[in-house]
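Reader: I'd like to go through the labels on this model one by one. Can you show me what stands behind them?

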Amino acid sequence: MKTLTTPFNKNTPKPPDDLKLPPPPDADTSPICFSTAQIHAAISSFPHGSGSGPDGLRPQHFKDCISITIGDASTSLLTSLTELVNYLANGHLPTDLRPFLYGAQLHGLRKINGDPRPIAVGCTYRCLVAKVCLRPFIPRLRKLLLPSQVGVGTPLTCEAAVHATRYFMDQPHNDKVLLKLDVKNAFNSICRDIVLQKAQKHLPEIYPLIWDCYSSKTSLFHENFSLDLATSVLQGDPLDPALFALAIHEVTSKIKADLNTWYLDDGCIGGDPQTVLTNATMIRDSLSSIGLEINNSKCELLLINYTQTSTSPKQASSFKTNSHPSLCIPDPTHWQLLGSPLHQESDPLHLKAKIKVLDSITENLELIEPHQAFFILKNCLSIPKLTYLLRSAPCFKCKKGLEAFDTAIRTNTEKISNVTFGKDSWSQESMPIRHGGLGLRSAADLSLPCFLSSSFACQGLVNRLLPSLTLPHGEVINETDACSAFHDSSPRQKETQLA
């Protein structure tokens, strides 16, 4: 096996000279034990199509082998897997096997600028034991990390973060700024001694497993090459986002601002310019002590309620001079957070971008069998690709953009199927399959209920993300307009208006 020198080791960080790992787990630590029902539930929860690690074993192999249709063999395998998971969870794996079982397979993709983007896929056995071990402690992590860190153990966190940020921006205040922070090569740079110390403190029950994973080098494999890492936690492993969040929790919890929201390594700090500047300096210095560095080229400063007499431009120059020299100050039409627009003028631009991607991918779908192409279009590229945007942004106000997206779906369906749909026939095909349609739902019809369902579901979390602000009846921004539009569009309301 050759040592990998290019291209993946370009951004591989070197371990610090003063790395001090905590002591290994005590031999008399109470063993942790999981049942076959827990293992079965964990295997069933793997997403369809999950990739394989260095051994080529996929989660789907486990799903097929423990199926009830297999008979007694499935029960025997499930029992053996339970014994193996309990063996690994208690830190009994021999040292020589750790680089392989706790390693990962590298898949090389390419960024827009041409740089390599290595994607690490961990061994299925490791992913299984990590998933089983983490699940019982999700409530503990959620209680510890919220409200500053929303990337672990909490559903709808991205949507809630966007709703909270948009509400913060809508407040009638002057000289407020939003600072979006990005950490450079975060998961690959975090110091492992910090990771192990936090795991020992907050997750002592599964510390033996975490010690086995990170007390020695991690081997990453790509074709005939290998790369050994002495820092990092691996993205793609169910346990590692929690470990990363624990490692930076001491930093994120010290931030004192009106808005302080982190989704793993992506942070958003909002408040008056001087407070945000002070926090930015503290964050930069604190993260450097654990091996992390702010990626200045990806940081953005959003000037809220900017006027010619405000002091925001002066404060922006202070950010560039004192904290983030290459800070970007985007136009309001390009404001976004976690992939969702923050400014209403940005909604049409995001919808146009979705249409452009849809059209470009459909050109390739025309090259494959029509039934397969239609399946991919319906289940991957149409409404499923748009749902997050519809839930997190008030796209129901952008009727032309939604109608353009629906038209793009209709046009691309006609290209794939070689069938022309009239207005009435397309209305039929837009219905759910159980009602005689093709299941190609209309974005214009779904935008309003999508936004309303998200806003009501996120109310409690939005309140926690904005402790210094009081939301009227827990509402998020644009919720009142959405409720009014939904009321006006109801059949009973229309009948009343006609009467």
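Author: Happy to. Let's begin with a pair of strands in this predicted model: β2 (residues 104-110) and β3 (residues 116-122) are joined in the antiparallel sense by seven bridges.

Reader: What makes β2 and β3 a pair?

Author: Two strands count as paired from at least two bridges, and β2 and β3 have seven, so the label holds. One spot to look at is leucine 106, which sits opposite alanine 120 in β3. The hairpin has five residues between its strands, and glycine 114 takes a positive phi there, near 95°.

Reader: How do you know that β2 and β5 pair?

Author: They share two bridges, in the parallel sense. The rule asks for at least two, so β2 and β5 qualify.

Reader: Why are β7 and β9 called edge strands?

Author: Look at the order of the open four-stranded sheet: β7-β8-β4-β9, paired antiparallel. β7 (259-263) and β9 (300-304) each have a single partner strand, so one side of each lacks a neighbour in the sheet. On average, neighbouring strands here are turned by 10° against each other, ignoring direction. As for β7, five bridges tie it to β8 (residues 266-271) in antiparallel fashion, and threonine 261 has cysteine 268 in β8 as its bridge partner.

Reader: What makes α5 largely enclosed?

Author: Ten of the eleven residues in α5 (residues 124-134) are buried, so the rest of the structure largely encloses this helix. Among them are Arg126, Cys127, Leu128 and Lys131. For the protein, buried residues make up 48% of the 499 residues.

Reader: How do you know that lysine 131 lies over the face of phenylalanine 46?

Author: Lysine 131 is 4.8 Å from the ring centre. The distance limit is 6 Å, together with an angle within 35 degrees of the ring normal. The distance is inside its limit, and lysine 131 is listed as lying over the face of phenylalanine 46.

Reader: Why is histidine 343 called partly exposed?

Author: Its relative accessibility is 24%. Buried means under 20% and exposed means over 50%, so histidine 343 falls in between and counts as partly exposed. You'll find histidine 343 in the loop between β11 (340-341) and α14 (347-365). Leaving out residues up to four places away in sequence, histidine 343 touches Pro332 and Trp335. The C-alpha atoms of histidine 343 and methionine 169 are 9.3 Å apart, with 174 residues separating the two along the chain.

Methods: Residues numbered from 1 in each chain as written. Predicted model: local features only at pLDDT ≥ 70, side-chain atom pairs only at ≥ 80, totals over all residues. Heavy atoms only, no water. Buried < 20%, exposed > 50% of the residue type's maximum accessible area, 1.4 Å probe, protein only. Contact = heavy atoms within 4.5 Å. Axes fitted to C-alpha atoms, helices over the stretch in contact; angles between N-to-C directions.
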